[in-house]
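Welcome! Please take a look at the sequence and the 3D structure below, and then read on for a short tour.

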Amino acid sequence: MGNHQHGDVDWEQLGASLTRRAEAYAPMTARIIEQLRAAQPRPRRIVDAGSGPGVIACALAEAFPDAEVVAVDGTQALLDLTARRAERAGVADRVRTHLADLPDGLADVGEADVVWLGLALHHLGDQRAALTEFARRLAPGGTLVLLEGGLPARCLPRDIGIGRPGLQARLDVAQEDRFNEMRAALPDVKDEAEDWGALLTAAGLTHAETRTHLLDLPAPASPTVRAHVADLFGRLSGGLREGLDADDAATLDRLLDPDDEAGLDHRPDVFLLAAQTVYLGRKGA
Ligand SMILES: C[S@@+](CC[C@H](N)C(=O)[O-])C[C@H]1O[C@@H](n2cnc3c(N)ncnc32)[C@H](O)[C@@H]1O
């Protein structure tokens with residue numbers, strides 16, 4: 001716990017890029033929070049499990065002024081970022097941080113009206129057992145918010161004028177392999193078909209709703225979006241290089257070169273289009 005390593009990902013290093021991603025996705029998060037509000041209008045305690053740098057925990061605290069938000073993560077450096085962000089947002093009195101190796105370590109957090117699981121469940125080896133544990137932490141009538149699945153983000157046109165068209169589709173394929181390797185390296189990993197609705201039911205919850213939210217930020221990209229897209233391609237370039245041919249590797253190098261006019265820092269055609277699926281599970285009253 002707190003050693004910054006879960007599986008083969010170094011989360012501490014990822015703190016800044018997770019912050020930029022969550023800031024770019026803020027318009028989408030706001031709509032997911034409204035989806036939650038329709039199901040759970042006045043939560044008193046929200047547990048954000050796998051909260052990362054706390055952008056979403058703070059957004060939840062701002063959206064629900066009567067709620068205490070407990071940001072739970074296995075990496076202290078990310079919880080420190082969360083506490084600093086909560087101070088800046090003026091919600092430090094209602095955002096608590098809790099270091100835990102999920103799905104354990106929630107016993108002393110207390111019953112929650114909402115458990116928010118944003119892109120966190122797929123980092124746990126036994127997703128079925130973890131969901132059951134998170135469901136146990138819900139108060140009667142409480143809601144589990146599960147963000148998993150959707151569509152891979154698109155950030156550039158199919159033909160960007162350099163290299164072979166269709167780069168992002170090929171990066172998707174390489175990334176699927178990388179994702180499988182990430183999961184295979186997790187402790188106590190169990191194979192699980194990703195029928196999230198069925199898994200919510202198996203965890204003892206009523207699968208109340210599935211909705212997919214669109215993030216549609218057309219070109220020209222804001223500095224926040226451009227920074228996130230650069231992170232995304234930088235990470236792909238580092239992690240997927242061996243899965244790419246020489247032409248695609250050269251295209252990635254050009255995209256990431258700050259001095260190249262065809263690079264991400266200068267291109268006028270950078271955008272962000274993404275779809276995130278959200279599953280709501282409800283605990284019987
Ligand atoms: C992809 S990030 C998502 C962060 C945040 N929920 C968001 O949507 O911006 C996954 C987070 O889960 C945390 N995490 C992964 N495995 C964990 C574990 N076994 N115990 C506790 N936290 C874990 C990581 O430290 C990281 O902050």
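Setting aside neighbours within four places in sequence, Phe233 is in contact with Cys155, Leu156, Leu167, Gln168, Leu171, Leu252, Leu255, Leu256 and Leu264; contact here means heavy atoms within 4.5 Å. This is a predicted model, in which local features need pLDDT of at least 70 and side-chain atom pairs count only at pLDDT 80 or more, while totals for chains, interfaces and linings use all residues. Residues are numbered from 1 along each chain as its sequence is written, and side-chain values use heavy atoms, with hydrogens and water left out.

**The nonpolar cores**

- A nonpolar core is a set of buried Ala, Val, Leu, Ile, Met, Phe, Trp, Tyr and Cys residues joined through side-chain atoms within 4.5 Å. Buried means under 20% relative accessible area, exposed over 50%, and partly exposed in between (1.4 Å probe, protein chains only).
- The largest nonpolar core has 49 residues, and Val145 and Phe233 touch the most other members.
- Helix H8 (residues 223–240) gives the most to this core, with 6 residues. Helices (H or I, at least four residues) and strands (E, at least two) are DSSP runs, numbered from the N terminus.
- There is also a second, separate core of 27 residues, and its members include Ala100, Leu102, Leu144 and Leu199.

- How far apart are the end C-alpha atoms of helix H6 (residues 167–184)? They are 26 Å apart, which agrees with the 26 Å that its 18 residues should span at 1.5 Å a residue. The expected span is 1.5 Å times one less than the number of residues.
- The buried residues of H6 are Leu167, Gln168, Leu171, Asp172, Ala174, Met182 and Arg183.
- The axes of H6 and helix H9 (residues 246–256) come within 11 Å and cross at roughly 110°, which makes H6 roughly perpendicular to H9. Axes are lines fitted to C-alpha atoms, for helices over the stretch in contact, and angles run from 0 to 180 degrees between N-to-C directions. Angles under 35 degrees count as roughly parallel, over 145 as roughly antiparallel, 65 to 115 as roughly perpendicular and the rest as oblique.
- Leu167, Arg170 and Leu171 of H6 make this contact with Asp248, Thr251, Leu252 and Leu255 of H9.
- Gln175 also has its place in H6. With a relative accessible area of 29%, Gln175 is partly exposed.
- Beyond its neighbours within four places in sequence, Gln175 is in contact with Arg235, Leu236 and Leu240.

**Helix H4**

- Helix H4 (residues 76–89) has 14 residues and reaches 20 Å from its first C-alpha to its last, close to the 20 Å expected at 1.5 Å a residue.
- Ala77, Leu78, Leu79, Thr82, Arg85 and Ala86 are the buried residues of H4. They pack against helix H1 (15–24), helix H3 (55–63), strand E4 (68–73) and strand E5 (95–99).
- Gly90 follows H4 and has a positive phi, near 75°.

- Not counting residues up to four places away in sequence, Asp113 touches Gln40, Pro43, Arg44, Arg45, Leu138, Ala139, Gly142 and Thr143.
- Gln127 lies in helix H5 (residues 127–136) and counts as buried at 1% relative accessibility.
- Leaving out neighbours within four places in sequence, the contacts of Gln127 are Leu121, His122, Arg183, Glu192 and Trp196.

**Backbone details in the loops**

- Leu102 and Pro103 are joined by a cis peptide bond, with omega about 10°. Pro103 is found in the loop between E5 and E6.
- The peptide bond from Ala219 to Pro220 is cis too, with omega near 0°. Pro220 has its place in the loop between strand E8 (206–217) and H8.
- Leu119, in the loop between E6 and H5, has a phi near 55°, a positive value in a residue other than glycine. Leu119 is partly exposed, with a relative accessible area of 29%.
- Asp188 lies in the loop between H6 and helix H7 (196–202), and its phi is positive, near 55°. At 66% relative accessibility, Asp188 counts as exposed.
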